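These are my notebook entries on a structure I went through piece by piece.

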Amino acid sequence: MSSPKQKSVLDRVSELVGKNNRLGKLISGYSKLKEANYISSHFSTYLTPTIASSEELKNEVYRIRHNVYCEELAFEPIREDGLELDEFDAFSMHCLIQHVSSQNYAGTVRIVRPTEEHQKLPIEKYCLNSITHEELNPANFAREDICEVSRLAVPKAFRRRQMDDHDGAAVGIINQQSYSETELRCFPFIAVGLYFAAAGMALEQGIKHAYVMMEPRLARSMGFVGIKFQQIGPVVDYHGKRAPYYINQKLLNTSLSPSFAKMLSDIRTGISRNH
């Protein structure tokens with residue numbers, strides 16, 4: 001038995017972390033990686049993708065989007081019917097992430113999928129000048145081979161952990177009675193799940209090239225789990241500071257960790273089953 005004077009490995013590591021910021025970051029990064037692998041392996045236990053193929057489910061999509069884009073962020077005007085739609089929805093596929101035990105919807109995303117020459121991606125209509133990588137301009141590819149991931153929205157109730165201490169508890173804070181701790185740990189990865197859902201829809205449709213306008217910090221966050229978007233233009237002011245990004249199946253498959261590759265596979269299976 002070790003004497004009280006002998007320091008445990010953890011004690012020694014703690015001392016080193018205090019003295020070595022770089023080592024601290026490495027250990028922190030390893031802890032985050034373990035957490036990410038744990039969450040990705042549990043994601044499908046609590047959350048499942050559903051293709052919004054019926055009018056009822058599409059209205060769920062439009063209600064979530066109205067709540068986030070119109071009421072919360074004020075990116076779009078308030079609509080009397082509480083539904084947020086635009087011209088691109090006519091040629092889009094929508095997906096919802098559903099919380100299994102409560103049956104509540106935890107988020108939505110769409111892929112805008114043009115099939116005719118006159119149908120443009122949102123990025124082509126509003127931000128085409130922001131694309132400076134000429135080889136990856138969507139105009140270079142057949143309409144049926146491109147899509148844009150857009151209108152990703154996660155309701156407040158699924159963006160707040162039970163331990164958060166802030167005003168607004170009455171409008172969506174999650175409490176211990178409603179969700180388990182494991183579920184709470186999964187919720188920050190709903191956005192990842194939604195991007196995987198978009199990828200799953202694109203892969204199922206045989207789409208080769210995908211675009212998205214997003215904040216660089218979100219792109220970096222996606223990179224942490226292995227979704228390596230390629231930036232194809234500078235940051236512009238479009239609903240905040242955003243830049244155009246590109247991804248294809250090769251970029252997606254070559255950078256995912258095994259744990260998140262399984263998460264993508266599970267979500268794709270769920271999409272295929274529910275489509």
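This is a predicted model: local features need pLDDT of at least 70, side-chain atom pairs count only at pLDDT 80 or more; totals for chains, interfaces and linings use all residues.

Residues are numbered from 1 along each chain as its sequence is written, and side-chain values use heavy atoms, with hydrogens and water left out.

I placed T115 in the loop between β3 (105-112) and α4 (122-126), taking helices (H or I, at least four residues) and strands (E, at least two) as DSSP runs numbered from the N terminus. From T115 I looked across to F91, which is 24 residues away in sequence and 7.8 Å away in space, C-alpha to C-alpha.

Next I turned to H99, in strand β2 (residues 92-99), and recorded H99 as buried because its relative accessibility is 0%. The side chain of H99 makes a polar contact of 2.7 Å with that of S102; such a contact is a pair of N or O atoms within 3.5 Å, where within protein one must be able to donate a hydrogen and the other to accept it, and residues adjacent in sequence count only if both atoms are side-chain atoms.

I then looked along helix α7 (residues 216-224), where P216, A219, M222 and G223 are buried. These residues lie on the same side of α7, because they cover an arc of only 115° around the axis, the arc being that of the directions from the helix axis to the C-beta atoms. In general, an α-helix has 3.6 residues a turn, so residues three or four places apart point the same way. Among the elements that cover the buried residues of α7 are α6, β5 and β8 (241-247), with contact meaning heavy atoms within 4.5 Å. After α7 comes G226, and I noted its positive phi, near 105°.

My last entry concerns the largest cavity, whose lining takes at least two residues from each of β4 (146-153), α6 (190-204), β5 (209-214) and α8 (249-253). I found that α6 gives the most to this lining, with 6 residues.

Notes. Buried means under 20% relative accessible area, exposed over 50%, partly exposed in between (1.4 Å probe, protein chains only).
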